[in-house]
Amino acid sequence: MAYDYDVLIIGAGSAGLSAALTLGRCLRRVLVADGGPPRNEQSPGVHGFLTRDGIRPAELLRLGHEQLQPYETVTVQCLHIDKLSKEGRGFRAIGHGTGDDALTTVTARRVLLATGVSDILPPLPGFRELWGRGVLHCPYCHGWEVRGQPLAVYGQGRTVTGLALLVSRWSHDVVVVTNGPGHLTPNARRRLRRQKIGIREAPIARLIGTPGRELRCIQFEDGNELERAALFLHAPQHQRTPLAADLGARLTSKGAVWVDSGLQTSIPGVYAAGDTRPGTQQALLAAADGNRAAIVINESLTREECPR
């Protein structure tokens with residue numbers, strides 16, 4: 001059967017736009033379904049991205065869209081995909097425009113999932129409001145901007161221990177805040193103490209920020225306050241769309257979309273790149289992932305078109 005597109009890319013962040021660029025250069029017919037703002041929308045800048053260090057997230061995406069314009073076989077559409085199903089040897093997708101309820105149906109030979117994840121923040125006042133500025137997830141992305149200042153690391157158990165030790169590379173004044181019992185082993189406490197990292201296990205009432213959404217202090221339920229310039233945490237995450245699960249794709253124990261060494265999911269013809277799949281999460285790595293996925297997909301289509 002004839003398909004509308006060679007590849008449907010669902011998601012228009014760093015991974016999706018990078019894949020579209022490479023596939024456009026391969027003369028592939030591509031539809032990029034842009035379902036809305038990226039995960040890092042609230043961040044003041046994208047860091048560690050070679051030649052673009054510190055660029056605003058929206059500006060990075062604007063440049064990505066701009067650089068797709070010469071490739072006539074690539075179409076970007078404001079489209080939220082609601083359903084994905086098998087259609088012959090390819091796939092059928094049904095979605096609606098991000099500004100209306102009009103349904104759109106498209107078919108494609110291959111699908112790349114680049115929808116990313118959403119972070120599940122603690123249900124305490126201040127965490128959501130300061131997210132991306134005073135509350136941060138990645139010291140590699142944001143540690144340099146708060147270097148040498150008083151920092152906090154939120155969480156419990158092994159996760160908070162590892163993150164606190166990592167954050168201590170950027171500051172000699174780090175305090176772990178656990179919001180109640182920290183479930184820290186004696187060895188974890190010893191390691192933290194050796195690096196002069198404090199531990200506060202009192203329940204937290206709220207985070208207090210500045211008008212610019214920077215962190216000013218952590219207020220505990222007992223009324224005490226701890227002045228900090230920023231707070232880091234490893235927040236749990238969930239997929240931004242259930243498309244992979246609905247299609248029957250395998251997920252990891254942490255909810256990421258499982259992929260093989262060629263970035264293909266457990267559903268033949270469906271690929272995943274960027275934060276959607278397991279691995280380190282960073283804009284530059286997502287862009288590289290999208291490029292790699294595009295090459296794998298193009299070579300898969302070429303083998304199909306040029307049988308032995």
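Colleague: Is E304 buried, partly exposed or exposed?

Modeller: First, the basis: this is a predicted model, in which local features need pLDDT of at least 70 and side-chain atom pairs count only at pLDDT 80 or more, while totals for chains, interfaces and linings use all residues. Residues are numbered from 1 along each chain as its sequence is written, and side-chain values use heavy atoms, with hydrogens and water left out. Buried means under 20% relative accessible area, exposed over 50%, and partly exposed in between (1.4 Å probe, protein chains only). E304 has 29% relative accessibility and therefore counts as partly exposed.

Colleague: Which side chain meets that of R109 in a salt bridge?

Modeller: A salt bridge is a side-chain nitrogen of Lys or Arg within 4 Å of a carboxyl oxygen of Asp or Glu. R109 meets E304 in this way, at 2.9 Å from N to O. Because R109 lies in strand β5 (residues 103-113) and E304 in helix α7, the pair ties together parts that are 195 residues apart in sequence. Helices (H or I, at least four residues) and strands (E, at least two) are DSSP runs, numbered from the N terminus. R109 is buried, at 12% relative accessibility.

Colleague: What is the N to O distance between E304 and R89?

Modeller: The salt bridge between E304 and R89 spans 3.6 Å. Helix α7 (residues 283-305) holds E304 and the loop between β3 (74-87) and β4 (90-97) holds R89, so this pair links parts 215 residues apart in sequence. R89 is exposed, at 65%.

Colleague: How many salt bridges does the structure hold?

Modeller: The structure holds 13 salt bridges. Another of them joins R228 and D173 at 3.1 Å, N to O. R228 is buried at 8% relative accessible area, whereas D173 is partly exposed at 33%. Salt bridges with shared partners also join D6, R28, R29, R89, R109, R110, E304 and E305 into one network.

Colleague: What is the strand order of the open sheet of 5 strands?

Modeller: Two strands pair if DSSP finds at least two bridges between them. The order is β7-β14-β8-β9-β10, with parallel pairing. β7 (135-136) and β10 (198-200) are at the edges with a single partner strand each, so one side of each lacks a neighbour in the sheet. Strand β9 (residues 174-177) is joined to β10 by 3 bridges, and V175 has G198 of β10 as its bridge partner.
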